[in-house]
Amino acid sequence: MSAPAPLLEVRGLKKHFPIRGGMLSRVKEWVKAVDGVSFSVAPGQTLGLVGESGCGKTTVGRTLLRLVPATGGEVLFQGKDVLKLPARKLRSIRPRMQIIFQDPYGSLNPRMTIEQIVGEALEVYGVATGAELRAQVAALLQQVGLRAEALNRYPHEFSGGQRQRIGIARALALKPAFIVCDEPTSALDVSIRAQIINLLQDLQGTRNLSYLMISHDLGVVRHISHAVAVMYLGRIVEQAPTDTLFEDARHPYTQVLLSAIPVPNPRHRNARRVRTQDTDDSVPSPVNLPPGCPFHPRCPLYVAQGQPAECRAVQPPLVALNDNPQHLVSCHFPDASRFSVTAPLQPTQPVAK
């Protein structure tokens, strides 16, 4: 039986920001925030997108939704290139693609009631008005774990977790098929974080939603994602099914990220650490990237292999491994060093319901 066609397919997505200077504000340099990113998301599946702060994760999510204009590439949603759609056709496809923002405080208008915030899209798209709109908003709030009494209240009257539930209800209003989750739990307490992740999983099961889960919390990503893509300075350097990535990481950058996951058992800490002695641990400027592999100045494998010239001269392509076509790695020596996370991720995993 063949695999289902992807709901979303991103091909060579690019977003470059200009740096201007001088009296005439001419473009002097470019920040390549996203530089040739490709991935796909199947119906009802979650792709985790991870990496350090500033690697371009959020820019990917906002660019594929056309919240910011793309520099190049393709974003195929149900076979249509979102980046090339005119305004009228884009308006018709927007209800199917939504976003949950990172900040539950700044993403809600403090001057609007919850009924107005969640019901705005329903009213704009002519789905419901009046009493029918109020009833649909109340039903959405109940689906995300809030009472209908919240309709007439304002965002400042709710906690951070409750505000994020309101943001989720707003994203669900037009019955989307795909949602960008832009670090939806990073501003929340650990216990509330677990509740939000469990809620997202429940909604995915009942509504057959597809998620792009942008996060720096690898424990959350491992719990909710079917596959994981690792970004470094605007590029994906490794992508694989979740279990494969955590049990057999091949890119040194992924290995460094995995080694930083906190573990409650001190007996596992030294065994899990990736040594980075004799390497430059500072992140290169996205304006002036190192030649060749951008990670080689920080790469412990580059040092261990005797500083090979190809790492300094050639950008390795993202290619599938010979033993696993679903495991993509951008490294000249993907078989030279293997890494596995075997210790439990109890501090960051959502609690059982």
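Some questions and answers on this predicted model follow.

Residues are numbered from 1 along each chain as its sequence is written. Local features need pLDDT of at least 70, side-chain atom pairs count only at pLDDT 80 or more, totals for chains, interfaces and linings use all residues, and side-chain values use heavy atoms, without hydrogens and water.

Student: How are tyrosine 232 and tyrosine 253 paired: stacked, edge-to-face or tilted?
Tutor: A pair of aromatic rings is described by the distance of the centres and the angle of the planes. Rings of Phe, Tyr and Trp (its six-membered ring) pair if their centres lie within 6.5 Å; planes under 30 degrees apart count as stacked, over 60 as edge-to-face and the rest as tilted. Here the centres are 4.6 Å apart and the planes stand at 55°. The pair is tilted.

Student: Why is the pair of tyrosine 253 and phenylalanine 295 called edge-to-face?
Tutor: The ring centres of tyrosine 253 and phenylalanine 295 are 5.4 Å apart. Their planes meet at 65°, so the pair is edge-to-face.

Student: Is tyrosine 253 buried or exposed?
Tutor: Buried means under 20% relative accessible area, exposed over 50%, partly exposed in between (1.4 Å probe, protein chains only). Tyrosine 253 has a relative accessible area of 1%. Tyrosine 253 is therefore buried.

Student: Which residues do ring pairs link into a cluster?
Tutor: Tyrosine 253 pairs with tyrosine 232 and with phenylalanine 295. The cluster is Tyr232, Tyr253 and Phe295.

Student: Over which ring does the charged end of arginine 153 sit?
Tutor: A charge sits over a ring if NZ of Lys or CZ of Arg is within 6 Å of the ring centre and within 35 degrees of the ring normal. Arginine 153 lies 4.3 Å from the centre of its ring. That ring belongs to phenylalanine 158.
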